[in-house]
Amino acid sequence: MSQPKNEYPVIVVAEGELRGKHWTLEYDSMVLGRDETCDMVVPLRQISRQHMRFRRVDVDRYVIEDLESKNGTWLNGNRLEGATLLSDGDEIHITPKLKLRFLGAGVTAPLTRPDLPPVISRPPAGQSRLQIDMEARRVFIHSVEVNPPLSFPQYRLLELLYTNATRVCSREEVVEYVWPEVVGDGVSEQAIDALVRRLRDRLSELDPGSNYITTVRGHGFRLEQE
C-alpha cells in the first residue's frame, strides 16, 4: 500500500512539553513510546516503553491501538479499547502533559505556531438557516441539530466562515484557523478543497439543494445564508 509522500497523515503534538513535534505516518505500522527503538519516541516517564501503535489498514485509512500501556490512551475523550479507526482532527490524550492530533492525508510539514487565533467578529443578526452554539460546538440547520456532529476540522472551518459571514475568508486564514499547528506550505490546496467539499456534503444532508459555502475563485470561501 504505497502513496505519494506528501499525502501521508501526520501526528502532531498539539499541547504539552513537546508542542509542535510531529511524525509522518509513512510506514504501514508505527509504534509510539518511550523506548528508543520506537518509531515515534516520546521521552516522558508517563509514557510506556511501547505505548500505542498507528497502523494503516487501507490506502487512506489508519487505526490506533493501545499496546496495554500502564496509563492508557484516550481518543476524543474516551478510553481506547482495541483498534479504532482514526478521522481527520481526532485528538489523542496520553497524559495531561501530552495531547496529539491526527491530521489526515494532504497535510505536511507541521511546525509550531502561537496559540489558536481568536475569533474577532460575530455572526451578523438575522441569520436563521444555520446557527452555531459555539460554547457547546453544536450546529443547527433550520433548528435541527447536525448529527452525528461535524469532525473537528469541519467544525473549525464552519466556525471561521460563520463568524466572518460578511466577507470572504482566504485559504491562508482557513489553514491558520483549522490547522494551527501547520504553517507555510504545510497544507495542500487539495486538502483544503476536500475539507470544504466534505463540509458542504454534511450540511446538505439536512438542507438538500442548498449551497452554504461559495468558493470565490482566487480569493477564498464565503458562507451563504440567504
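How many residues lie between β5 and β6 in the hairpin they form? Select the two strands to check: β5 and β6 form a hairpin with two residues between them. Strands here are DSSP runs of E with at least two residues, helices are runs of H or I with at least four, and both are numbered from the N terminus.

This is a predicted model, in which local features need pLDDT of at least 70 and side-chain atom pairs count only at pLDDT 80 or more, while totals for chains, interfaces and linings use all residues. Residues are numbered from 1 along each chain as its sequence is written, and side-chain values use heavy atoms, with hydrogens and water left out.

**Whole chain**

Show the whole chain in cartoon form. It holds three helices and 16 strands. Of its 226 residues, 47% are buried, where buried means under 20% relative accessible area, exposed over 50% and partly exposed in between, with a 1.4 Å probe and protein chains only.

**The hairpin and its neighbour**

Return to β5 (residues 52-58) and β6 (residues 61-66). Six bridges link β5 with β6 in the antiparallel sense; two strands pair if DSSP finds at least two bridges between them. Pick Arg55, whose bridge partner in β6 is Val63. Val31 stands opposite Arg53 in β5.

**The six-stranded sheet**

Now select β2, β1, β11, β10, β7 and β8, which follow one another in that order in an open sheet with antiparallel pairing. At its edges are β2 (22-24) and β8 (78-79), each pairing on one side only. Within the sheet, β10 (residues 91-95) and β11 (residues 98-103) are antiparallel and share four bridges. Ile92 has Leu100 of β11 as its bridge partner.

**The three-stranded sheet**

Move to the open sheet with the order β12-β13-β14, again with antiparallel pairing. β12 and β14 (144-145) are the edge strands with a single partner each, so one side of each has no neighbour in the sheet. Two bridges join β13 to β14, and Ile141 stands opposite Val144 in β14.

On the α1 side, show Pro153, Gln154, Leu157 and Leu158; on the α3 side, show Leu195, Val196, Arg198, Leu199, Arg202 and Leu203. Contact means heavy atoms within 4.5 Å.

**The cores**

Last, show the side chains of the largest nonpolar core, which has 33 residues. Such a core is a set of buried Ala, Val, Leu, Ile, Met, Phe, Trp, Tyr and Cys residues joined through side-chain atoms within 4.5 Å. Leu130, Leu157, Leu158, Val174 and Trp179 touch the most other members. At least two residues of this core come from each of β1, β12, β13, α1, α2, α3 and β16. Centre on Val174: beyond its neighbours within four places in sequence, Val174 contacts Leu157, Leu160, Trp179, Ile192 and Phe221. A second, separate core has 23 residues, including Tyr8, Leu44, Leu75 and Leu100.
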